[in-house]
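Biologist: I would like to learn how to read a structure like this one. Could you take me through a few features?

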Amino acid sequence: MSVEKIITDKLSQAFAPVHLEVINESNRHHVPPNSETHFKVVVVSDQFNEQRLLARHRLINQALADELANGVHALSINVYTETEWQALDEVPKTPNCKG
C-alpha cells in the first residue's frame, strides 16, 4: 500500500474529516522519482473545535507517528474546523524546497 493511501486511511479513521487532502509533494524536492517522503495534508474536522493550532498539529503527528518515524521526511499540516474552512479563501502554499 502506498504511503499516501496509508496517511489518507489513518487521518480518515482518526478525524472523520468533512474534507481531507493528502498531497504527495515529494516531486518538489531533491529525492528519487516516485518517492513518498514529503506530504501536505489538509484536514477539516469537527474534532478540532476548541483546539488550539498546536494541539491540532500534535494530534496529526500522533496519528502519523509511524510514518514520520519511517520514511516521511516532511509533513505540511493544515488543519481547520468546518467554520474556519468555510471562511478560508485558499490553503497556504507550501514553500519551495531550498535544498
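Modeller: Gladly. Let us start with a cut-off: a residue counts as buried when its relative accessible area is under 20%, and as exposed when it is over 50%. Keep in mind that this is a predicted model.

Biologist: Then is Phe15 buried or exposed?

Modeller: Phe15 has 4% relative accessibility, so it counts as buried.

Biologist: How should I read strand β2 in those terms, and how many of its residues are buried?

Modeller: The general idea comes first: in a regular strand the side chains alternate between the two faces of the sheet. Here, β2 covers residues 38-44, and seven of the seven are buried, so the strand is largely enclosed by the rest of the structure. On one side you find His38, Lys40, Val42 and Val44, on the other Phe39, Val41 and Val43, and both faces are covered.

Biologist: Which strands pair with β2?

Modeller: Strand β1 (residues 19-24) pairs with β2 in the antiparallel sense, over six bridges. In that pairing, Val22 stands opposite Val41. Strand β3 (residues 74-80) runs parallel to β2, and seven bridges join the two. There, Val44 has Tyr80 as its bridge partner.

Biologist: What about Thr37, where is its place?

Modeller: Thr37 sits in the loop between β1 and β2. With 18% relative accessibility, Thr37 counts as buried, because the cut-off is under 20%. Its side chain makes a polar contact of 2.6 Å with the side chain of His38. Leaving aside residues up to four places away in sequence, Thr37 touches Ser26, Val31, Gly71, Val72, His73 and Ala74.

Biologist: Now the aromatic rings. How many aromatic pairs are there?

Modeller: A pair of aromatic rings is described by the distance of the centres and the angle of the planes. The count here is two aromatic pairs. Phe15 and Phe48 form a tilted pair, 5.4 Å centre to centre with 35 degrees between the planes. This pair links distant parts of the chain: Phe15 belongs to helix α1 (residues 3-15) and Phe48 to the loop between β2 and α2 (53-63), 33 residues apart. Phe48 is buried, because its relative accessible area is 0%.

Biologist: And what are the values for Tyr80 and Trp85?

Modeller: Tyr80 and Trp85 also form a tilted pair, at 5.9 Å centre to centre and 45 degrees between the planes. Tyr80 is buried, with a relative accessible area of 12%, whereas Trp85 is partly exposed at 24%.

Technical notes. Residues are numbered from 1 along each chain as its sequence is written. This is a predicted model: local features need pLDDT of at least 70, side-chain atom pairs count only at pLDDT 80 or more; totals for chains, interfaces and linings use all residues. Side-chain values use heavy atoms; hydrogens and water are left out. Buried means under 20% relative accessible area, exposed over 50%, partly exposed in between (1.4 Å probe, protein chains only). Helices (H or I, at least four residues) and strands (E, at least two) are DSSP runs, numbered from the N terminus. Two strands pair if DSSP finds at least two bridges between them. A polar contact is a pair of N or O atoms within 3.5 Å; within protein, one must be able to donate a hydrogen and the other to accept it, and residues adjacent in sequence count only if both atoms are side-chain atoms. Contact means heavy atoms within 4.5 Å. Rings of Phe, Tyr and Trp (its six-membered ring) pair if their centres lie within 6.5 Å; planes under 30 degrees apart count as stacked, over 60 as edge-to-face and the rest as tilted.
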